[in-house]
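I opened my notebook to look through a new structure, one step at a time. Here is what I wrote down along the way.

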Amino acid sequence: MKLARRRRRDRPEPIIALIDVVFFLLVFSMLVGRMDATAPFRVQPAQSASGATLPGGGETVAIAADGALAFNGASIDEATLLESLAEVLAAQPQRLIRINAHHAAELRDFLPLVARIEALGAQDVVLVVTPVGQ
């Protein structure tokens, strides 16, 4: 009896090396590439300057960590604050408004207030920033 030997199959190409290269390229492109939407125009981000002195004069609005407000050193509610600022800005539209917010103040307390102050006609609104430890 004559038995037929099985034909030897050609060894498949080692694909493991190719898979490694593909995953390496995928990871590399994820680390290097930008995944966010870009604006259709050039945006120059704001830059901070340390140690710059603020111009003299103006009004100061303070925002506590819990959202409490103060105007020129006296506690005040938001409606009265906006009325006081409206009077000041009606007399002097160029008046500087400083906002000194506690580092733990919530943005939801801070940003709408800035928008309301700008809606009153304030032209110069400055955020006062104090370095940590001072």
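These entries cover strands, salt bridges and a surface patch.

**Strands.** I kept in mind that this is a predicted model. I looked up the partners of strand β4 (residues 96-101) and found that strand β1 (residues 59-63) pairs with β4 in the parallel sense, over five bridges. In this pairing, Ala62 stands opposite Asn100. Next I checked strand β5 (residues 124-127), which runs parallel to β4 and is joined to β4 by four bridges. There, Ile97 has Val125 as its bridge partner. I then followed the chain from β4 through helix α3 (residues 107-119) to β5 and noted a right-handed β-α-β crossover.

**Salt bridges.** How many salt bridges does the structure hold? I found two. In one, Glu59 and Arg95 meet through their side chains at 2.9 Å, N to O. Glu59 lies in β1 and Arg95 in the loop between α2 and β4, so this pair ties together parts 36 residues apart in sequence. Is Glu59 buried or exposed? Its relative accessibility is 9%, so Glu59 counts as buried, while Arg95, at 25%, counts as partly exposed.

I also looked at Arg116 and Glu78, whose closest N and O atoms are 2.6 Å apart. This pair links helix α3 with helix α2, across 38 residues. Arg116 is partly exposed at 39%, and Glu78 is partly exposed at 31%.

**Surface patch.** My last stop was a nonpolar patch on the surface, with about 780 Å² of accessible area together; among its members are Ile15, Val22, Phe23 and Met30. Val22 sits in helix α1 (residues 16-32) and, at 48% relative accessibility, counts as partly exposed.

Definitions and conventions:
Residues are numbered from 1 along each chain as its sequence is written. This is a predicted model: local features need pLDDT of at least 70, side-chain atom pairs count only at pLDDT 80 or more; totals for chains, interfaces and linings use all residues. Side-chain values use heavy atoms; hydrogens and water are left out. Two strands pair if DSSP finds at least two bridges between them. Helices (H or I, at least four residues) and strands (E, at least two) are DSSP runs, numbered from the N terminus. A crossover is right-handed if, with the strands pointing away from the viewer, the path from the first strand over the helix to the second runs clockwise. Patches are made of residues with over 30% relative accessible area and no salt bridge: like charges are joined within 9 Å, nonpolar side chains (Val, Leu, Ile, Met, Phe, Trp, Tyr) within 5 Å. Accessible areas come from the Shrake-Rupley method with a 1.4 Å probe; for residues, only the protein chains shown count as cover. A salt bridge is a side-chain nitrogen of Lys or Arg within 4 Å of a carboxyl oxygen of Asp or Glu. Buried means under 20% relative accessible area, exposed over 50%, partly exposed in between (1.4 Å probe, protein chains only).
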